[in-house]
Amino acid sequence: DLKHRPVEYALDLPMPGLPAPGHPYVLAAGDLSPADTAGLGQDVLALVTERGGPTSHTAILARARGLPAVVACEGIMGVEDGTVIGVDGGTGDIALGLTEEEAAEVTSADRARRQRLATSEGPGRTADGHPVKLLLNVGSAADLRPGAEGVGLFRTEFLFLGRKVAPSFEEQVSAYAEVFREAGSTAGSTAGSVIVRTLDAGTDKPLPFLGLPEEENPALGVRGLRVDRLLPDVLDTQLDAIAEAARLTGTRPWVMAPMVTTMAEATGFARRARAKGIEQVGAMVEVPAAALRARRLLGELDFLSIGTNDLAQYTFAADRQHSTLADLLDPRQPALLELIALCAQAGQEVAKPVGVCGEAAGDPLMAPLLVGLGVTSLSMAPVCVPAVREALAGLTLNECRERAQTALD
């Protein structure tokens, strides 16, 4: 039996060294970097790797196209080329040696599921009408899709990746303005809000132009908002560019900082952002220290967004890219759910929104638990929206709460 961890992840550019058998195929690999994953073409039907974690940035990049994928699958490189296999990105199941008839059944069932979900539309709601905003995680305007209620995570670092020189103020203004404009037209006149995350550099997303020294343990080092300790001009330029893009487009984006850990960090970021004219200021909750102080953070901030991938990593001291520890990164872990519940309860007490933008938000089995815990929005890869909308529509709010309580117990 193959040991494996599920993900549902991908993207689309030619990658040197990929097989070219002349027909669609399942790609098996020891591991892939985020750049390699971004280079996968349309002929790759599914992805299976021996190493990697289900919430690594490679897996997150893959999810953008809905490519079925399984990571941490020991022994996959020993499967002979030409073997017909089935890959279930939702469960992590891999079926070896399928017949042509069985493969056709798998393909037909997947096509029927996609067609059913394609008809899904409208705002996110439970069966009894409780509203839950369904938002998108995007890296640029090209990632926007109709059918969502706005952008819950604009990953601005995608504009910075792989560059030896920082993008200019004008270049940043142009990129941000494009997303602000397109988000409104894509979602419609009643939606289109955009939550911008300021530069999230570090760990497996190094930015050469920053010139930061190498670290033995980058996950616990200078990353996210902590870059501001060394290079404050980077954040100032970005906030100025966001404010100018908002002025040019007549929009009011929300802006949040990654890796906020203390009240001092939250207060300092809020003060600087508001001084630039940004009205709605928030923070990512990615470390337990922030979750435990959520109520006080919301005394200074307007909203919180929970990054379940990093919050799990830091809660369980388990590297999100470590395949052997993938079970500790399961978002259904009660300790992680308790931290999420703390944040959601804090938001309810002061009537401020608390959303989730980690990969758990796009899981149709996990989304009802998050709603039951009290989160107000779920932000995910565009491909995940229909399945999450369908899952919520099949349950009442009380049923979501019951499921959440069972998971906590």
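User: What makes a contact between two side chains a salt bridge?

Analyst: A salt bridge is a side-chain nitrogen of Lys or Arg within 4 Å of a carboxyl oxygen of Asp or Glu. A search of the whole structure finds 16 salt bridges. This is a predicted model, in which local features need pLDDT of at least 70 and side-chain atom pairs count only at pLDDT 80 or more, while totals for chains, interfaces and linings use all residues. Residues are numbered from 1 along each chain as its sequence is written, and side-chain values use heavy atoms, with hydrogens and water left out.

User: Why is the pair of arginine 274 and aspartate 302 called a salt bridge?

Analyst: The closest N and O atoms of arginine 274 and aspartate 302 are 2.9 Å apart, and the limit is 4 Å, so the pair qualifies.

User: What does this pair tie together?

Analyst: Arginine 274 lies in helix 6 and aspartate 302 in the loop between helix 8 and strand 12, so parts 28 residues apart in sequence are tied together. Helices (H or I, at least four residues) and strands (E, at least two) are DSSP runs, numbered from the N terminus.

User: Why is aspartate 302 called buried?

Analyst: Buried means under 20% relative accessible area, exposed over 50%, and partly exposed in between (1.4 Å probe, protein chains only). Aspartate 302 has 18% relative accessibility, so aspartate 302 counts as buried. Arginine 274, at 34%, is therefore partly exposed.
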